[in-house]
Every structure is written in structure tokens, then in C-alpha cells.
Amino acid sequence: MTEEKNQKETSRIMLVKKILMKDGNGGVGSASVTHAVVVIFLEFFAWGLLTTPMLTVLHETFPQHTFLMNGLIQGVKGLLSFMSAPLIGALSDVWGRRSFLLVTVFFTCAPIPLMRLSPWWYFALISVSGIFSVTFSVIFAYVADVTEEHERSTAYGLVSATFAASLVTSPAIGAYLSASYGDSLVVLVATIISLVDICFVLLFVPESLPEKMRLTSWGAPISWKQADPFASLRKVGKDSTVLLICITVFLSYLPEAGQYSSFFLYLRQVINFSSATIAAFIAMVGILSIIAQTVFLSVLMRSIGNKNTVLLGLGFQMLQLAWYGFGSEPWMIWAAGAVAAMSSITFPAVSTLVSHSADPGQQGVVQGMITGIRGLCNGLGPALYGFIFFLFNVELNDIGPVQSDETTPPQDPADKRLVVPGPPFLFGACAVLLALIVALFIPEHHSLAVKTCNARKPSGSASSPQTVAPAPGSDEDIEPLLQDSTV
């Protein structure tokens, strides 16, 4: 009876698999980086269109303590993503990347139609959608599956540059449509683009995980160790170099995550940027970031070395945060934006440093620690920035059309002279200064001695943080796909 029951269970599992994996890898053609680039571009182009309507809806829904509520919403989303990403990563090693790419894109874009229909449900769904909003993580795993090790840094850079490119024009287009036709049309266009993205994944994106990997892993039990979001954090202290790198990432990415969650509100409230000016600012930073990550990064890596590139990136980040914190004039923000674009080289340089230092069999665990730290910062950073804005009484009192600086009366001239215009950014600059000091002690070349299990990996994905998977029945702990949202 027991054998017959096991055979029936196996048959049911294989039937489900055939349904999910029918037509081979699905999609059109062979899996490639191009598929990943298109998915990322469409998703973030849709969200970029909503930059201006988002400011209006946020202030209308939470007229009091707008910065604080924005930080809490984004913080809850980030923490949920951090908690769920390992489980999604472990499941994607069994079910394949394509299925979970479809799930993550769908839930990431699901709140968009509700922006004008029901703002309260919109913000609630944004928070809850963090459980599945890990598109970047699945995309990086997808890219790792289809590239060789020597191609991977270029492919990752292309994906990151695509994210920046999607934000070059979309905020400006959204601002124009909002001013000319109203926010409802912007939301409609963003919803249509999201549907196009979902249909593209469903109809055109092929599976990247090799069939033999899905065959050997199908039905393998997924333990709590694989789904534990804190598993990577507990491994941090096992190697001094890993500890230094993780501290550096935490101190540098915490203010970065908070900055992304509140910066557009800050430009509108404190600097009095109009919607068109904010869109132009995003476009400038996006273009310069693409140049920094595709041209300057490779030149710096060859000329001054990996570690010095990390230090230079941290220096740029500290400078731009301090400039944001003390800057009260528009020209200061524009100048700081150019510096911010150069600081975008920091994390790619850190990832490369880890990749060069770790053995091929340790890449998953060590990179998993880095992305685990970043995932945690995605939850803590926005909440921290919102709380600091709240402490310093920085609120949105008017979200209407912004007048010129000469005609806009200051809310409280005395306070503007006595209080730092952007206190959270000044805090962030201090945190990055500590990160810079810690990074000075990171050795240039070091073999990381982090314990890993003997895990099977698909060919060409040795350096991916997402592709370390257990052999069926293994009791060893592994580090599956973790969040890298950033953005």
C-alpha cells in the first residue's frame, strides 16, 4: 500500500510538472539576456510614468506626516520582500525561473490600476506586494543561467543600465500626460504597459533553467534553512573579509534605500521642483548613471583596481548625500545629482570584489550574504528616513503647482536657516563615511573561507548568488536566491 501510494503521489507531481512545463521551455527562441532586459524595461517604465501621480495621491491620502507614512509603506514592502525572497529563490530552483518571473512581475504591477480607483487599497497592496516584488532577483538568476562566467558582469551591468534607461524618459512622459490630460490617463497607460510586460513573459520568455536541473530537483523537499531569510546574515561572522564587506554594504545601502523612497517628495517640498523639473532631473541622473556603469566603471577597474573603485564610489556617495543634506538651492541639487550618478559604481564594484575573492563553489553563499543585507536595508532605510523627516517636522503642506523661488514664500524662514534642509541625507552621509572607513580594511585579494555545501549548479552560473541549490535529500544549508530590489 505504501509503495502504491508513493507511486500515485509521484504521478501527480509529474502531471503537475508537465502542465507547468509544457512545450519544453515555452516562449520564443532560446533564453537570452535580451528577454531579461525587455522585462525589466517595461516594468520600471510603467512605474516611472507614475512619478508625478504618486506624489499627488500620496499627499491626498496622507495629508499629515506624508514622509513618515511613505517611509512606513515602503519599509513594510522592503521587509516583506526580504522575508520572502529566499523561499521564492528556492522554489525557482525547482519550478524554473519563468513561472516565478511571471508571478513577480504580476504582483509588482498589480497595485497600479488601483491608484485612482482606491488610493487606500493601492497603498495597502503596495505593502503586501512586497512578498512577491523580487523581480530583480529572479532576473539576475535568469541571466546567470544563460551566460558564461566571463560574460556575467557585462550582462548584469546591461540589466542595471536598462533599469536606469527606463527611468530616463518615463517620468517626463508621465509629467506631460498628467499636466495635459490628467493623472487618470497616466495610470491607464502604465496599466497597459504592465499588461504588455505580463503578456511578454507569458508568451515570449522561454525558461532559462536547464531541463535536467528541474528534473533532478523536482519534488526535492524545501527545508526551513533554504527559506530562512536570516540564514545569510548568520554566516557573516565566519570570515573577517566577508564581515567587512557586509558592514560596508549595510552602511552604504541603508541611506541609499531610504533616499530612493523619499527623494522625489523632498525635491517637491524642500527644493520646490516642479513635476517637469523632477522628470528632467531623473533623466539626467539616469543618463549619467548609464555612462558611469558602462564606461567609467570598466576604466576605473582597470586603472586603479577593484578596491580603490569601491572606495571612490563610496566617496562620491558621501559627497552627494552631504550635498543633498545641506543644499537649499536648485543648482546644488543638480550638481549633487551628477555626483550621485558616479556613486552608482559602488555596488557593481563590491559585487566584483566578492566574485574575485571567493572560490567558485562559494559564490552563492557569499553573494547571498550581500544581497541579504541589501534586502534588509530595503525595509529599514525607508522607515528610518521617514522617521527622521518626522522628527525634524518636514511635511508636505502644498502639493500643487510649484512657483518660482522668488514668488514662493518660505514656510518658516528662521527654521530654514537654523535646520539642515535634508537631515536624513546628512545622516546618510555619516553612515557612508563609516562605510568608507570600514572598506579601507578590506584586503584587495583574499580567499573567502565561508563554509558551503556541495551543491549542484547549472553550467555557467557559478558566480550567481541565486543558483546554488541542494542535491535532493541534502541536509546541508544553502543560500538560494535573495532580493536585490533596489531600485
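Reply: Let us begin with W334, which has 27% relative accessibility and therefore counts as partly exposed, since buried means under 20% relative accessible area, exposed over 50% and partly exposed in between, with a 1.4 Å probe and protein chains only. This is a predicted model, in which local features need pLDDT of at least 70 and side-chain atom pairs count only at pLDDT 80 or more, while totals for chains, interfaces and linings use all residues. Residues are numbered from 1 along each chain as its sequence is written, and side-chain values use heavy atoms, leaving out hydrogens and water.

Me: Which aromatic pair does W334 form?

Reply: Rings of Phe, Tyr and Trp (its six-membered ring) pair if their centres lie within 6.5 Å, with planes under 30 degrees apart called stacked, over 60 edge-to-face and the rest tilted. Here W334 pairs edge-to-face with F281, at 5.5 Å centre to centre and 70° between the planes. F281 belongs to helix α15 (residues 275–303) and W334 to helix α17, so that the pair links distant parts of the chain, 53 residues apart. F281, with a relative accessible area of 3%, is buried.

Me: How many aromatic pairs does a search of the whole structure find?

Reply: The search finds 20, among them the edge-to-face pair of F106 and F107, with 5.2 Å between centres and 90° between planes. F106 is partly exposed at 42% relative accessibility, as is F107 at 30%. Ring pairs also link F263, Y266, F273, F281, Y324, W334, Y385, F389 and F425 into a cluster.

Me: At what angle do helix α16 and helix α17 pack?

Reply: Helices are DSSP runs (H or I, at least four residues) numbered from the N terminus, and angles run from 0 to 180 degrees between the N-to-C directions of axes fitted to C-alpha atoms over the stretch in contact. Helix α16 (residues 306–326) packs on helix α17 (residues 330–343) at about 160°, with axes 8 Å apart. That makes α16 roughly antiparallel to α17, a term for angles over 145 degrees. Residues in contact (heavy atoms within 4.5 Å) include F316, W323 and Y324 of α16 and W331, M332 and V339 of α17.

Me: Which residues of α14 and α21 make their contact?

Reply: Helix α14 (residues 240–269) and helix α21 (residues 423–439) pack at about 160°, with axes 8 Å apart, and are therefore roughly antiparallel. Their contact includes L251, P255, F263 and Y266 of α14 and F425, V432 and L434 of α21.

Technical notes
Helix = DSSP H or I, 4+ residues; strand = E, 2+ residues; numbered from the N terminus. Parallel < 35°, antiparallel > 145°, perpendicular 65-115°, else oblique.
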